[in-house]
Amino acid sequence: MKLPASVTATAAALLLAGLTATACAPQTSDGKATTDEKSGTLRVWLFQEVSNEPKAQAVEQAVAAFEQRNKGAKVEVEYIPVETRAQRVKAAFNDPKSAPDLVEYGNTDTAGYVKDGGLADISAEFAAWDEAKDTDPTARQSVTVGGKVYGAPFFVGIRALYYRTDVFRELGLTAPRSQAELVETAKKIRKARPELYGIAVGGAYTYGAMPFVWAAGGELATARGDSYQAAINGPDALKGITTYTSLFGDDNCPAAKCAQMGGNATVTAFASGKAGMAIGGDFSHAAVEAGTVKGKYAVVPLPGTTPGSIAPAFAGGNNIGVLKSTTHRTLAVDLLKSLTGKETQGRLFDAMGFLPTYTDTRAAAARRQPFVKPFTDTLAAGAKFVPASPGWGQIDASLVLPTMFQEIVSGRKDVKAAADDAAKKMDAAFAPAG
């Protein structure tokens, strides 16, 4: 997730202030409310950002538009810490009386939340919504489970290659056009400037590593009926894992320092001037601009295996969903449209750098801010998503893939043995999820 997604991976405690007793309408056995109130207070839980005020201002405008359309409705927005979202969402799903009407969630959480019975199926409303037709296919996939739509995309997070223009100029280097050139360039930087990582990489940076697997033709898993089977140990995936793990070592990013690093740590290393390159998101732009490398870097799409190609990136980001237990379904869907519509996404891009999920809104944003072009080019080349399985949440939380990378870079296991072990753990997680 944010990456920024990335998602990226939420919900709540709700209910109405100042409503009649019908607000506590009974629930059906599947947690679905039996009433649809057309007035009252709706509660929304959104993620708290590092710098939240710009987001809050954009949200306030969306809420004001909603309340203007719906005179009897009021909205209360609460910003919740991302770190504690899992417990709060689970509690809300288990206790509908305390649940919010809408919630922001990481797009990798969709399948798990659907399995838990917390999100409402809004397929009909989404299909009838005129703006939804411009949603990019990968973002649409992130709210879809079993052909049904369980929310609306809020923003998309995509990663590309940041590099130091001053270092490249000093060493006579050009931006790499293939992954082989990337590895070679990283090692040249490290050799000439041993105080730098050639490229900052992390053993715990799952979504920075996955483009290497996908570019080699590998997959995380393949669909098997209603479930998935791990493919991380397939021959093509092994090639990508080998390329990525070759970047750990004294000739680029020493395993002793880099094996435990995640995405934030690699971006921080770059922003603070300790690396010649890093894989970062559009959502990393503000942090890099605030660092010592401001004015001394550029961004290009992460290259693929053939010169000039673009590696598939993970399509991270967040969504907003309507809870199945809401007693204000019609109003909740209308509020969802305000919060995730084109106007709000445009404002959030200007305020936070969140990349819009609508192709036309994103193109307009790119014209206003040229820094997003490498990210939009990456999206246009074809991004990838995680398996739409509740099992993915367990795989992610259990650090299955980071463990695999760390076993390889530490020398505890070779690539095949580590990938085979990871595949077994993934299959165990997918099995009950099916």
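The exercises that follow look at charged pairs, aromatic rings and a pair of packed helices.

This is a predicted model, with residues numbered from 1 along each chain as its sequence is written. Local features need pLDDT of at least 70 and side-chain atom pairs count only at pLDDT 80 or more, while totals for chains, interfaces and linings use all residues; side-chain values use heavy atoms, with hydrogens and water left out.

**Exercise 1. Find the residue that forms a salt bridge with lysine 342, and say where both partners lie.**

Solution. 
- Start with the rule: a salt bridge is a side-chain nitrogen of Lys or Arg within 4 Å of a carboxyl oxygen of Asp or Glu.
- The partner is aspartate 360, with the closest N and O atoms 2.7 Å apart.
- Helices (H or I, at least four residues) and strands (E, at least two) are DSSP runs, numbered from the N terminus.
- Now check accessibility, where buried means under 20% relative accessible area, exposed over 50%, and partly exposed in between (1.4 Å probe, protein chains only). Lysine 342 is buried at 18%, and aspartate 360 is partly exposed at 35%.

**Exercise 2. Describe the salt bridges of arginine 347 and lysine 416.**

Solution. 
- Arginine 347 pairs with glutamate 343, their closest N and O atoms being 2.5 Å apart.
- Both residues sit in helix α14, 4 residues apart, which is about one turn of the helix.
- Arginine 347 is partly exposed at 24% relative accessibility, whereas glutamate 343 is exposed at 56%.
- Lysine 416 meets aspartate 420 at 2.8 Å, N to O.
- This pair lies in helix α19 (residues 415–433), again 4 residues apart and separated by about one helical turn.
- Lysine 416 is partly exposed at 41%, and aspartate 420 is partly exposed at 22%.
- To finish, note a network: salt bridges with shared partners join Asp130, Lys133, Asp134, Lys342 and Asp360.
- By the salt-bridge rule, the count comes to 27.

**Exercise 3. How many aromatic pairs are there, and how are the rings of phenylalanine 155 and phenylalanine 354 arranged?**

Solution. 
- Rings of Phe, Tyr and Trp (its six-membered ring) pair if their centres lie within 6.5 Å; planes under 30 degrees apart count as stacked, over 60 as edge-to-face and the rest as tilted.
- The count is 17 aromatic pairs.
- For phenylalanine 155 and phenylalanine 354, the ring centres are 4.1 Å apart and the planes at 20°, so the pair is stacked.
- Phenylalanine 155 is in strand β6 (residues 152–157) and phenylalanine 354 in the loop between α14 and α15, so the pair links distant parts of the chain, 199 residues apart.
- Phenylalanine 155 is buried at 5%, and phenylalanine 354 is buried at 4%.
- There is also an aromatic cluster, formed by Tyr162, Phe270, Tyr297 and Phe375.

**Exercise 4. At what angle do α14 and α15 pack, and how far apart are their axes?**

Solution. 
- The angle is about 30° and the axes are 10 Å apart. Axes are lines fitted to C-alpha atoms, for helices over the stretch in contact, and angles run from 0 to 180 degrees between N-to-C directions.
- In contact (heavy atoms within 4.5 Å), Lys342, Gly346, Phe349 and Asp350 of α14 meet Asp360, Thr361, Ala365 and Arg368 of α15.
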